[in-house]
Amino acid sequence: MRTLAAASAPGQPAFCGAASPNPARQKAPASPFRAILRLVTALVALCLLATGPVRAQSSTATVLPPQTGLVTPPPAAPASGAAATAKPADPLRLSINLEGTDRPGQMSVAVQIVLMMTLLTVAPSLVLLMTSFTRIVIVLGFVRTALGVPSAPSNQIIVGLSLFLTFFIMGPVIDRVHTESLKPYLDGKITSTEAIDRATGPLKEFMLKQTRTRDLEYFLELGGYGPTSVKDLPVRVVIPAFVISELQTAFQMGFLLFLPFLIIDFLVSSVLMALGMMMMPPNVVSLPFKLLLFVLVDGWHLIVKSLVQSFLN
């Protein structure tokens with residue numbers, strides 16, 4: 001073959017049939033990203049090698065079915081001796097037994113407790129409405145107002161005196177209730193219903209003695225009752241009639257108590273007007289005279305005596 005030689009342009013090298021190396025196609029230097037990638041790969045390989053023993057140990061655990069998704073430890077060895085045969089302790093239980101229904105005609109203990117709590121709640125009302133307490137406390141309050149000393153005696157003294165007078169006046173009635181009702185019931189001779197009926201009798205008899213006939217007729221008419229004998233009068237008619245009669249009697253006695261003290265007020269006011277002492281309060285001058293009159297006539301004795309006799313008669 002002939003060797004072809006051609007003259008190349010200026011700045012361009014001449015080449016022959018054998019390829020000469022191109023400086024532009026030479027191998028480029030290593031990139032820094034490749035070095036980082038190699039480092040990360042080495043770290044991942046080290047982590048995998050370190051977790052290998054842990055996976056080998058956990059392979060002995062028992063795996064539950066896939067639906068639970070839980071891993072349970074291997075079963076423990078069975079206990080030996082008395083601990084293996086011991087039964088679990090029973091949970092604590094609270095038992096409340098109410099007896100009393102096995103006896104005919106008797107209220108159960110639960111009903112009796114409810115009735116007792118109810119009686120304790122309404123006992124003050126029963127004392128106020130079914131005894132002589134209403135009349136006594138109203139009259140004593142009128143006495144204090146008529147004297148012009150609203151704070152002497154105090155409310156505690158008036159209520160206490162009214163209670164003791166009530167116990168004294170109601171003594172025979174309480175004794176009858178205890179003898180005819182409470183004692184036989186505690187001895188088991190009568191039932192609770194019969195005891196209540198027997199206890200109502202003395203109280204009704206006491207209230208009827210202090211009740212006006214027109215008040216009884218009024219409440220009988222309101223209740224739609226026809227002609228009724230005294231023994232057959234219901235308690236719900238006797239109690240309101242008795243309370244109205246007690247209020248009427250107490251206000252009548254209070255009016256009679258005001259009269260002598262009112263006369264003293266008139267006399268003192270007339271004397272002060274005659275003397276030209278317009279600025280002098282009449283109550284300041286009349287109070288000593290009221291107290292003097294009340295002490296001279298033994299007022300507390302007369303009032304208590306009148307109250308007691310009003311119930312006994």
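**Notebook: core, rings and pocket**

A note on the model. It is predicted, so I keep in mind that local features need pLDDT of at least 70 and side-chain atom pairs 80 or more, while totals for chains, interfaces and linings use all residues. Residues are numbered from 1 along each chain as its sequence is written, and side-chain values use heavy atoms, with hydrogens and water left out.

**Layout**

I went through the chain next. It has 12 helices and 2 strands. These are DSSP runs numbered from the N terminus: helices are H or I with at least four residues, strands are E with at least two. Along the sequence the pattern reads α-α-β-β-α-α-α-α-α-α-α-α-α-α. Of the 313 residues, 23% are buried. Buried means under 20% relative accessible area, exposed over 50%, and partly exposed in between, with a 1.4 Å probe and protein chains only. I also checked contacts (heavy atoms within 4.5 Å). Among those between residues at least 6 apart in sequence, 64% join residues at least 24 apart.

**Core**

Which residues have the most contacts inside the largest nonpolar core? I found Ile 136, Val 139, Phe 206, Met 207, Ile 303 and Leu 307, in a core of 35 residues. Such a core is a set of buried Ala, Val, Leu, Ile, Met, Phe, Trp, Tyr and Cys residues joined through side-chain atoms within 4.5 Å. Helices giving two or more residues to this core include H5 (133-147), H8 (192-209) and H12 (299-312). H10 gives the most, with 10 residues.

Beyond its neighbours within four places in sequence, Ile 303 is in contact with Val 139, Leu 140, Val 143, Leu 257 and Phe 294.

Then I turned to Ser 162, in helix H6. Is Ser 162 buried or exposed? At 0% relative accessibility, Ser 162 counts as buried. Not counting residues up to four places away, Ser 162 touches Phe 133, Ile 136, Val 137 and Leu 140.

**Rings**

I found 7 aromatic pairs in the structure. Rings of Phe, Tyr and Trp (its six-membered ring) pair if their centres lie within 6.5 Å; planes under 30 degrees apart count as stacked, over 60 as edge-to-face, the rest as tilted. Phe 142 and Phe 258 are edge-to-face, 6.1 Å centre to centre, with 75 degrees between the planes. Phe 142 lies in H5 and Phe 258 in H10, so this pair ties together parts 116 residues apart in sequence. Phe 258 is partly exposed at 29%. Tyr 218 and Phe 219 are also edge-to-face, at 5.4 Å and 75 degrees. Tyr 218 is partly exposed at 47%, while Phe 219 counts as buried at 18%. Phe 142, Phe 251 and Phe 258 form one aromatic cluster.

**Pocket**

My last entry is the largest pocket. It holds about 1,300 Å³ of space. I noted that 28 residues line it, with Leu 119, Leu 126, Val 177, Ala 199 and Leu 203 nearest its centre. On a 1 Å grid over the protein atoms alone, a pocket is an open set of points where a 1.4 Å probe fits, with protein on both sides within 12 Å along at least five of seven lines; lining residues have an atom within 4 Å of a point. Grid points are joined across faces, edges and corners, and the volume is the space filled by probe spheres set on them. H4 gives the most to the lining, with 8 residues.
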